[in-house]
Amino acid sequence: MTSTRAVSVTRARKSFDSREVLHDVSFGIDRGEVVSLIGPSGAGKSTLLRCLTLLDTFDEGSLSYGDLEVTSRGEDGRAVYDKEAMRQARMRFGIVFQNYNLFPHFTVMRNVCDAPVVVQHRDKAEVEAEARVLLDRIGLSDHADKVPCQLSGGQQQRVAICRALAMKPDVIYFDEATSALDPKLTDDMHRIIRELASDGMAVGIVTHEMGFARDASDRICFLFDGQIVEDGPANQVINDPVDPRTRAFLSSPED
Ligand SMILES: Nc1ncnc2c1ncn2[C@@H]1O[C@H](COP(=O)(O)OP(=O)(O)OP(=O)(O)O)[C@@H](O)[C@H]1O
Ligand SMILES: [Mg+2]
């Protein structure tokens, strides 16, 4: 494993009841790299993302964020999660959810600053000063005192991005971040994602939009029935896939 890996999962398995939905999945994102996870409905993309973001747990396999080992291998081969490592790992990633999940009664500023102040116990004035820089960079400086319902969908999404970035994560995940955005906002998202990567952040994207995946990513992983069956440069996976299952999916995406 190279030291540039910001997040890494090795040989992960996950079952719901007795049905295994992730089979021996290994996946990682390097610093400065944008990776999209694509695949048919039910393939396990959200499950993998939920486990990477500690909203759920892998049954087997190992998970690390940089040099931080979140799991160890138990005697029975099960993944054992370390509580303190989980707490620290949560400060190393941010996630932008499909529905943004902003606090509706908080202003934009408070939405962005809440976690760094409450969870990371950082100085409020300092966090707010950084938040102003982030909001400015992302074109939202005039909206800091509004509440989410006073903003458009695209603006709410950018608030969600600022909120994730305020934690200064090493990895940022986007869950279906471009659905419901018009072409101009999709272009903006593309630009923001490239900027984050050029700052050295690792970016993970789950998307159903193949054009976006191809244009925004360095690498694409194709998940099929709980397994990564293709993993390669974005252009190659979309334009010239090797695995027949990727080819079939791309020639008739079901979504
Ligand atoms: N909480 C759960 N309990 C039981 N089964 C689940 C649960 N969550 C997901 N599954 C099952 O795990 C499999 C993978 O689901 P997942 O939501 O990860 O797919 P996905 O690739 O994100 O699909 P989509 O593109 O439709 O969002 C599916 O068969 C699903 O029914
Ligand atoms: Mg999903």
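This is a predicted model: local features need pLDDT of at least 70, side-chain atom pairs count only at pLDDT 80 or more; totals for chains, interfaces and linings use all residues.
Let me start with helix H6, residues 183-198, which lies across strand E3, strand E9 (171-175) and strand E10 (202-206) and runs at about 145° to E10. Helices here are DSSP runs of H or I with at least four residues, strands are E runs of at least two, and both are numbered from the N terminus. The angles run from 0 to 180 degrees between N-to-C directions, with axes taken as lines fitted to C-alpha atoms, for helices over the stretch in contact.

Residues are numbered from 1 along each chain as its sequence is written, and chains are lettered from A and ligands numbered from 1 in the order in which they are written.

Now to the sheet with E3, E9 and E10 in it, which is an open one of 6 strands in the order E8-E9-E10-E3-E11-E12, with mixed pairing; two strands pair if DSSP finds at least two bridges between them. Its edge strands, each pairing on one side only, are E8 (93-96) and E12 (227-233), and neighbouring strands are turned by 20° against each other on average, direction ignored. Strand E3, residues 34-38, and strand E11, residues 219-224, pair in the parallel sense over 4 bridges, and along this pair Val35 stands opposite Arg219, while Ile38 stands opposite Phe222. E11 and E12 form a hairpin with 2 residues between the strands, where Asp225 takes a positive phi near 50°.

What is the strand order in the sheet of 4 strands? That open sheet runs E2-E1-E4-E5, with antiparallel pairing. E2 and strand E5 (68-69) are the edges, and since each has a single partner strand, one side of each is left without a neighbour in the sheet. Strand E1, residues 5-16, and strand E2, residues 19-30, pair over 8 bridges, with Arg5 partnered by Asp30 and Val9 opposite Phe27. These two strands also make a hairpin with 2 residues between them, and Asp17 in the turn has a positive phi of about 55°.

Turning to the helices, H3 (residues 108-118) and H5 (residues 153-165) have axes that come within 7 Å and cross at roughly 25°. H3 and H5 are therefore roughly parallel to each other, given that angles under 35 degrees count as roughly parallel, over 145 as roughly antiparallel, 65 to 115 as roughly perpendicular and the rest as oblique. The contact, defined by C-beta atoms, placed from the backbone, that lie within 7 Å, is made by Val108, Asn111 and Val112 of H3 and Val159, Cys162 and Arg163 of H5. These residues divide into 4 nonpolar, 1 polar and 1 charged, where Ala, Val, Leu, Ile, Met, Phe, Trp, Tyr, Cys and Pro count as nonpolar, Asp, Glu, Lys and Arg as charged, and the others, Gly among them, as polar.

H3 also packs on helix H4, residues 124-137, at an angle of about 135°, with the axes 9 Å apart, and that makes H3 oblique to H4. From H3 the contact takes in Met109, Val112, Cys113, Pro116 and Val117, and from H4 it takes in Lys124, Val127, Glu128, Ala131, Leu134 and Leu135. In this contact the residues divide into 9 nonpolar, no polar and 2 charged.

Which residues, finally, surround ligand 1? They are Phe16, Val21, Gly39, Ser41, Gly42, Ala43, Gly44, Lys45, Ser46 and Thr47, where a residue counts as near the molecule if its C-beta atom, placed from the backbone, lies within 6 Å of it. The largest share of this shell, 3 residues, comes from helix H1, residues 45-52, and the shell as a whole divides into 3 nonpolar, 6 polar and 1 charged.

Terms used
Two residues are in contact if their C-beta atoms, placed from the backbone, lie within 7 Å.
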